[in-house]
Amino acid sequence: MKPVPLEDWPDRIDSLVEQIGPPLKVGRVIAECDSTQEPASAMGIGSLVVTGRQVAGRGQRGNAWADTGADGLAFSLVLPATTRPDGSRAIAVAIVEGLKPLVDATVKEPNDVLLEGRKLAGVLIEQSGGQAVIGIGINVLQAEWPAELEGIAISLHQAGCMLDRIEVLEYVLPGLVEAWNRYTG
């Protein structure tokens with residue numbers, strides 16, 4: 001598999017945003033950032049921010065999201081806020097559904113996606129000012145892990161799924177937006 005160069009992502013992101021439609025309005029690709037949450041939040045409702053590398057990703061309860069370079073998929077989308085609980089679970093379920101044609105993943109309450117008992121993806125939702133900034137990290141191309149994550153994390157590549165990061169986004173994003181709309185509607 002030849003990875004899709006990051007410079008080719010903006011056209012695919014624009015096409016994906018157009019295909020999904022409202023509430024998504026605009027997509028942006030950033031080569032590297034601390035976290036996709038801040039630039040997405042600044043862009044407002046209807047925004048999608050995807051990065052080639054996230055160097056200070058966050059998880060639930062102040063945990064860090066480990067980024068192994070250009071192997072993972074990190075993105076945030078901004079949708080209307082909700083007062084309902086368990087939004088992270090709704091998004092985790094949507095990730096599982098989006099990946100169903102590829103792998104048999106499961107949800108670990110409240111916000112993780114597991115594959116073969118190991119962490120494949122995580123969800124972080126931060127709400128304020130009427131917007132929900134939904135941050136997602138999915139392990140895609142990692143072939144090995146640092147010692148502290150060995151046996152705990154898994155990637156789609158390790159499970160035999162040979163898709164590029166942008167292709168994984170194309171699989172899951174439509175269902176994420178639809179799930180949030182159903183959840184908040």
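Two residues are in contact here when heavy atoms lie within 4.5 Å.

**Figure 1. Contacts of Asp164 in the predicted model.** Setting aside neighbours within four places in sequence, Asp164 is in contact with Met1, Pro3, Val4, Trp9, Val140 and Leu141. Asp164 itself sits in the loop between strand 9 (131–139) and helix 4. With a relative accessibility of 2%, Asp164 counts as buried, the cut-off for that class being under 20% relative accessible area.

**Figure 2. Asp164 and Lys2 across the sequence.** These two residues are 162 residues apart along the chain, and their C-alpha atoms are separated by 7.9 Å. Met1 and Pro3 are among the residues in contact with Asp164. For the chain as a whole, residues 24 or more positions apart account for 58% of the contacts with a separation of 6 or more.

**Figure 3. The aromatic pair in helix 4.** The structure holds 1 aromatic pair. Its members are Trp180 and Tyr183, with 5.4 Å from centre to centre and 40° between the planes, an arrangement classed as tilted. Trp180 is buried, at a relative accessible area of 1%. Tyr183 is also buried, with a value of 9%.

Figure 4. The C-alpha trace spans about 40 × 35 × 30 Å along its principal axes.

**Figure 5. Surface and charged side chains.** The chain exposes about 8,500 Å², and carbon and sulfur atoms supply 49% of that area. Buried residues make up 52% of the 185 residues. There are 15 positive and 24 negative side chains, and the centres of the two sets lie 5 Å apart.

Technical notes. Residues are numbered from 1 along each chain as its sequence is written. This is a predicted model: local features need pLDDT of at least 70, side-chain atom pairs count only at pLDDT 80 or more; totals for chains, interfaces and linings use all residues. Side-chain values use heavy atoms; hydrogens and water are left out. Buried means under 20% relative accessible area, exposed over 50%, partly exposed in between (1.4 Å probe, protein chains only). Accessible areas come from the Shrake-Rupley method with a 1.4 Å probe; for residues, only the protein chains shown count as cover. Lys and Arg count as positive and Asp and Glu as negative; His and the chain ends are not counted. The place of a charge is taken as NZ of Lys, CZ of Arg, CG of Asp or CD of Glu. Rings of Phe, Tyr and Trp (its six-membered ring) pair if their centres lie within 6.5 Å; planes under 30 degrees apart count as stacked, over 60 as edge-to-face and the rest as tilted. Helices (H or I, at least four residues) and strands (E, at least two) are DSSP runs, numbered from the N terminus.
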